[in-house]
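This report covers aromatic contacts. Look at the sequence and model first.

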Amino acid sequence: MPNNKSEKPSEKLAENLADLKSEFVSGIAAAVDVAAVDAVRISALGKKGRISLLMKTLGKMTPEERSVSSPAFNALKDEIAAAVEARRKALEGAALDARLATETVDVTLPVRAERQGHIHPVSQVMDEIIAIFGDMGFSVADGPDIEDDFHNFTALNIPPEHPARQMHDTFYLLEDANGERKVLRTHTSPVQIRHMMNNPPPHRIIAPGRTYRSDSDITHTPMFHQVEGLVIDKATHMGHLKGCLEEFARAFFEVDNLRMRFRPSHFPFTEPSAEVDIGCKRDGGELRIGEGDDWLEILGCGMVHPKVLEHAGIDSSIYQGFAFGVGIDRIAMLKYGIPDLRAFFECDLRWLKHYGFVPSDVPTLAQGLAR
Ligand code: DAH
């Protein structure tokens, strides 16, 4: 429409600015993504944008004209800038929502089998042992892998000249500043001593952990695992030892009428001492636990020697009890039919996939130890 001649310049300006504003506002509303909003912003407020060009005309105006135009231009500029910003935020929020919707993860879905990690049989068997003894009221104790001569040998009634020191194929560390040679513990028995020295009796603990001997062949590795057991109070006797270990072996091998025999043996730290065998059957290459007439040794045990109690500061005229030591790797091999000990420590993923356990199979007595 042609402009009405009687129209005042200020009215005309207002009308033009209103047109410009509605043009930009509808452009902003129609923008479907952040790039489109940006295009509108540049066409309005960019260096050569239409509002920017308008702003430049202020310099050539008379002060009167400027006093009307300047606030009007600035108001338009602010309104468009705010509208651009609001639309950009809305579009960014919508884009994020859309992305989140497509990337939804259902954490209740089962893990894909090929991606799942596995629990090493040694860890699984340690957890099984802890579940069984935990149920019998034992707690878990530990000690250092680097031991001193006193805890690893002397306190366990193995004096310096004792032949058992040679039998242990000990790894010795270099002499320290005091002339002392520490050792890598050759068994978990030193944890008995540490526990008795640091806690008042009675005691009922197991101590699973790493042990070391300089020995390597198909049935020995320089690092292996044992679990130690110790029960000390005023009246514990050999009958308790037998009952406790029978309960353990039956629960561990999951054979209710497992045959067992306690064979007299010798350890410096127990008197009397015994080794425990379980019944088995060797059928060609296969080994069946709990059947047949053969025997398989699984652990050493005995009544704690009074000298050991005295070394650990316990009055042996009041307290007595039993101890036992089990090779964890060995009973893991027996239970799960794993043929070669060395494979335990070779970190072969295919082996671990085959012999390892699903992490959610936490051993408990109520649900079965391993499923
Ligand atoms: N410490 C022994 C070893 O390494 C195992 C052992 C035997 C531990 C008899 C004991 C025990 O506590 O009573 O071969």
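Which residue lies over the face of Trp295? Arg259 does, at 4.7 Å from the ring centre. A charge sits over a ring if NZ of Lys or CZ of Arg is within 6 Å of the ring centre and within 35 degrees of the ring normal. Lys335 places its charged end over the ring of Phe252, 4.5 Å from the centre.

This is a predicted model: local features need pLDDT of at least 70, side-chain atom pairs count only at pLDDT 80 or more, and totals for chains, interfaces and linings use all residues. Residues are numbered from 1 along each chain as its sequence is written, and side-chain values use heavy atoms, with hydrogens and water left out.

**Ring pairs**

The whole structure holds 11 aromatic pairs. Rings of Phe, Tyr and Trp (its six-membered ring) pair if their centres lie within 6.5 Å; planes under 30 degrees apart are stacked, over 60 edge-to-face, the rest tilted. Two of the pairs are tabulated here.

| Pair | Centre to centre | Angle between planes | Class |
|---|---|---|---|
| Tyr336 and Phe357 | 4.9 Å | 70° | edge-to-face |
| Phe344 and Trp351 | 5.5 Å | 50° | tilted |

Tyr336 belongs to helix α11 (residues 328-336) and Phe357 to the segment after α12 (349-355), so their pair ties together parts 21 residues apart in sequence. Helices are DSSP runs (H or I, at least four residues), numbered from the N terminus.

Tyr336 is partly exposed at 23% relative accessibility. Phe357 is buried at 8%. Buried means under 20% relative accessible area, exposed over 50%, partly exposed in between (1.4 Å probe, protein chains only). Phe344 is buried at 3%, and Trp351 is buried at 12%.

Ring pairs also link a cluster, with Phe252 and Phe253 among its members.

Notes: Helices (H or I, at least four residues) and strands (E, at least two) are DSSP runs, numbered from the N terminus.
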